[in-house]
Amino acid sequence: MRGTLIICADYESLSLEAARRFASAAEASGRRPFRVALSGGGTPRRLYELLASAEFQRRTPWERVHIFWSDERMVPPDHPQSNYKLARESLLKHVRIPPKNVHPVPATLPPAQAATEYEQELRRHFGRRWGWPEFDLILLGLGDDGHVASLFPGAPALHEKQRWVVSHQPPHLPARITLTLPVLNAARRVHFLVSGENKATALRVAVEGSGHLPAQLVHPKKGELLWLTDSAAVGRLKGLRVELVPAGVSQ
Ligand code: 6PG
């Protein structure tokens, strides 16, 4: 297994550990902009609520934080399935982040055009004409089928080697756009948030490397890879030497 696996007692302590690590990473960025790509899905909701709480508001230099998304569903920003909507309602409208520092995906455009325009936004922000953007932190969830961001098993997007952002049409779901694997693997930190028994099989395969899941392709070249999990999600891991970190004791 690549990276570090942290097993928290439950979803709440996983979210608290993720919030502490988010704030510590933001503080460590000094005077530089702190560029983070938020995960979609439902798992990060509690993390976002904690980051909006007084304790973490004080610790996080929101005036220097720039928010992007690891992926987005191609639905309007007020749609229940919008990853932007989740972050806006649970975090962004509660913190003093300058509006210009929030970089939502243009999710009402045709998917291919949205991917092109989002990539241009990233290139403008990172000032990169070549190479890969180095996010300070990319948050990811883990799909039951082992997908990450909107990189699904067997999808052509998994093999993208040039583009930073591509579109994808999962069967029977809204179209999506997603950061590509080279972007994920160029990050300074990648933190997976994996909670619940329904993730146990995908997590086992990803950790033991016994399959070919998209999640197994995420290994930052130079950056930190952290799997923040809870006891329900690690239930199927065998032969694990468990070193329980008491809640609230960040490394
Ligand atoms: C999305 C996500 C996706 C998500 C996983 C886990 O837009 O759906 O980016 O990759 O992180 O599917 O989703 P849950 O957190 O809801 O289990």
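## Exercises: a buried Asn and some ring pairs

**Exercise 1.** In this predicted model, is Asn101 buried or exposed?

*Solution.* Start with the number: Asn101 has 0% relative accessibility. The cut-off for buried is under 20%, so Asn101 counts as buried. Next, find it in the chain: Asn101 sits in the loop between helix H4 (83–90) and helix H5 (111–126). Finally, look at what it touches. Leaving out residues up to four places away in sequence, Asn101 contacts Trp62, Glu63, Arg64, Val65, His66 and Ile67.

**Exercise 2.** Work out how the rings of Phe22 and Trp62 are arranged.

*Solution.* A pair of aromatic rings is described by the distance of the centres and the angle of the planes. For Phe22 and Trp62, that's 6.1 Å centre to centre and 35° between the planes, a tilted pair. Now check where they come from: Phe22 belongs to helix H1 (residues 11–28), while Trp62 lies in the loop between helix H3 (54–59) and strand E3 (65–69), 40 residues apart. Both Phe22 and Trp62 are buried, and together with Phe34 they form one aromatic cluster.

**Exercise 3.** Now do the rings of Phe192 and Trp227.

*Solution.* The centres of Phe192 and Trp227 are 4.0 Å apart and the planes are at 5°, so this pair is stacked. Phe192 is in strand E8 (residues 189–194) and Trp227 in strand E9 (residues 224–230), 35 residues apart. Phe192 and Trp227 are both buried.

Key
Residues are numbered from 1 along each chain as its sequence is written. This is a predicted model: local features need pLDDT of at least 70, side-chain atom pairs count only at pLDDT 80 or more; totals for chains, interfaces and linings use all residues. Side-chain values use heavy atoms; hydrogens and water are left out. Helices (H or I, at least four residues) and strands (E, at least two) are DSSP runs, numbered from the N terminus. Buried means under 20% relative accessible area, exposed over 50%, partly exposed in between (1.4 Å probe, protein chains only). Contact means heavy atoms within 4.5 Å. Rings of Phe, Tyr and Trp (its six-membered ring) pair if their centres lie within 6.5 Å; planes under 30 degrees apart count as stacked, over 60 as edge-to-face and the rest as tilted.
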